[in-house]
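Biologist: I would like to learn how to read surface patches and ring pairs in a model. Please take me through them.

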Amino acid sequence: MAANGLDGGWREERPIWIIGNIMFTLLLAVWIIDRIAPDFLEQSTPSCFVRKHIGIYCTGCGATRAVLAVLRGRLLQSLYYNVVVMYIIVFYGVYVIRGWIYLLTKGKYNYMKFHVAYVFAGLGIVVLQAVIKNVALYVYHYTWMT
């Protein structure tokens, strides 16, 4: 343990933890905007360039709709639009909360260490959902989102 009660490993985790806090602050801001002007976000976000011009679902297709669905409490709808959004929210939520617990208890409880495998798992989810959406579109003629 360092003199302040926090070990040196936390210094390496701190930048990633700060990014998570920034992400949740931005998510809170989007939630507030959605409460004040519910239609603003849907009307002001552009449609997917890849879907519109190339005709396939990209790896990010549905992410904006998924975030809005989460903010409106529609978790299953969020998973339908884009699974990785829920993965990021849950993973980073746990990561940020564990960091706060670590800091508030001055190191009494361990923080959650970030591993590159978490990123690769997220990338795998992104690629898999894009493949599934495009197979559904071109093999079964199922339009996931309009």
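**Patch and rings**

Modeller: Helix α7 (residues 116-138) contributes the most to the nonpolar patch, with three residues. Helices are DSSP runs of H or I, at least four residues, numbered from the N terminus. This is a predicted model, where local features need pLDDT of at least 70, side-chain atom pairs count only at pLDDT 80 or more, and totals for chains, interfaces and linings use all residues. Residues are numbered from 1 along each chain as its sequence is written, and side-chain values use heavy atoms, leaving out hydrogens and water.

Biologist: How is a pair of aromatic rings described?

Modeller: By the distance of the centres and the angle of the planes. Rings of Phe, Tyr and Trp (its six-membered ring) pair if their centres lie within 6.5 Å; planes under 30 degrees apart are stacked, over 60 edge-to-face, and the rest tilted. A search of the whole structure finds eleven aromatic pairs. Phe91 and Tyr92 are a tilted pair, because their centres are 5.7 Å apart and their planes are at 50°. Phe91 and Tyr95 are stacked, at 6.0 Å centre to centre and 25° between the planes.

Biologist: Why are Phe91 and Tyr95 separated by about one helical turn?

Modeller: Because they are four residues apart in helix α6. Phe91 counts as buried because its relative accessibility is 13%; for Tyr95, also buried, the value is 2%.

Technical notes:
Helices (H or I, at least four residues) and strands (E, at least two) are DSSP runs, numbered from the N terminus. Buried means under 20% relative accessible area, exposed over 50%, partly exposed in between (1.4 Å probe, protein chains only).
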